[in-house]
Structures are given as C-alpha cells and as structure tokens.
Amino acid sequence: MIKTTNRFKYFTHPEPNKPDATEKNIEAYLRTETKKRGGWAMKNDAQTRAGVPDRLVLMRSGLYIFVEVKRYGKKPTDRQRRRFTELLDLGCNVCWLDCKEGVDAMFKHHGKRGGKDVNQE
C-alpha cells in the first residue's frame, strides 16, 4: 500500500509479517532486495545533518531514493520530515517504510526508470 504524505511516499502493508517488523530486519531486507536488483543501499552517516534518511538506494538505472526505515506503525519525527522536504525541494526521491512489504511496494512503485527495470537483476 502506498500513502502520500506531504509530497513524500510512505510504503506499508495493513498486516505486515509482524515477527520481522523490527527496523533492523527491515533494513536488512532492504539491503538484500536492493542487491538482488543490482543496486546498493548505502547507510547514511548523518553526523553533520540530523534527520537525514537511513539509507540511500542507488540503482544501475540511475534511480536513487532516500529511504527512512521505521519499526511498523512508527512515523518519522518532525525533524526528519523537514529533511524529507528539503531533499524533495532538491529534486530527490524520498520515502519511508515500516515493513518488508513496504520494500517490495517501493520497488514496484518505481518500476522502470531510464529504460531499465529496477525489479530485474
């Protein structure tokens, strides 16, 4: 399920796989699924700028997405939402997700970019 809040995308599922809904497990799934598609899910080290999303997903097609990962049902802080807006104003893709199904929905949503399918290896 995709929800749009204040210009950025929120990917979730009404009934996620609850045992795996910890932030750590969702981030691991994001890394695995990104790698399977030939991309890279870089960890952001935001020492100089608080509120920057957790990951920057880079795909061979040229697609890049700043991704904030939350435990199921949790929402970004006000500071994080401000950073999302700043990134959107720069023309960046920004989303947040809170379950493994959200990772799948994110890739499905972005589909083909630059003539290459991000859902294929």
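Modeller: Buried here means under 20% relative accessible area, exposed over 50%, and partly exposed in between, with a 1.4 Å probe and protein chains only. By that cut-off, 43% of the 121 residues of the chain count as buried. This is a predicted model: local features need pLDDT of at least 70, side-chain atom pairs count only at pLDDT 80 or more, and totals for chains, interfaces and linings use all residues. Residues are numbered from 1 along each chain as its sequence is written, and side-chain values use heavy atoms, with hydrogens and water left out.

The chain has 3 helices and 8 strands. Along the sequence the order is β-β-α-β-β-β-α-β-α-β-β. Contact means heavy atoms within 4.5 Å. Of the contacts between residues at least 6 apart in sequence, 60% join residues at least 24 apart.

Now the core. A nonpolar core is a set of buried Ala, Val, Leu, Ile, Met, Phe, Trp, Tyr and Cys residues joined through side-chain atoms within 4.5 Å. In soluble globular proteins, nonpolar side chains tend to be buried together. The largest core holds 16 residues, and Leu-30, Val-57, Ile-65, Val-67, Leu-97 and Met-106 touch the most other members. Two or more residues each come from α1 (23-36), β5 (64-69), β6 (93-97) and α3 (100-110). The largest share, 4 residues, is from α3. A second, separate core has 9 residues, including Tyr-10, Cys-92, Val-94 and Trp-96.

Take Val-67. Beyond its neighbours within four places in sequence, Val-67 contacts Leu-30, Pro-53, Asp-54, Arg-55, Val-57, Cys-95, Leu-97 and Met-106.

Arg-55 sits in strand β4 (residues 55-58). Arg-55 counts as buried because its relative accessible area is 7%. Outside four places in sequence, its contacts include Glu-27, Leu-30, Arg-31, Ile-65 and Val-67. The Arg-55 side chain reaches the backbone oxygen of Ala-41 at 2.8 Å.

Next, the helix pair. The axes of α1 and α3 come within 9 Å and cross at roughly 30°. Axes are lines fitted to C-alpha atoms, for helices over the stretch in contact, and angles run from 0 to 180 degrees between N-to-C directions. From α1, the contact uses Asn-25, Ile-26, Tyr-29, Leu-30, Glu-33 and Thr-34; from α3, Lys-100, Val-103, Asp-104, Met-106 and Phe-107. By class, that is 6 nonpolar, 2 polar and 3 charged residues. Ala, Val, Leu, Ile, Met, Phe, Trp, Tyr, Cys and Pro count as nonpolar, Asp, Glu, Lys and Arg as charged, and the others, Gly among them, as polar.

Within α3, Gly-102, Val-103, Ala-105, Met-106, Phe-107 and His-110 are buried. Gly-111 follows α3, with a positive phi near 40°.

Key:
Polar contact = N/O pair within 3.5 Å; in protein donor to acceptor, adjacent residues only side chain to side chain.
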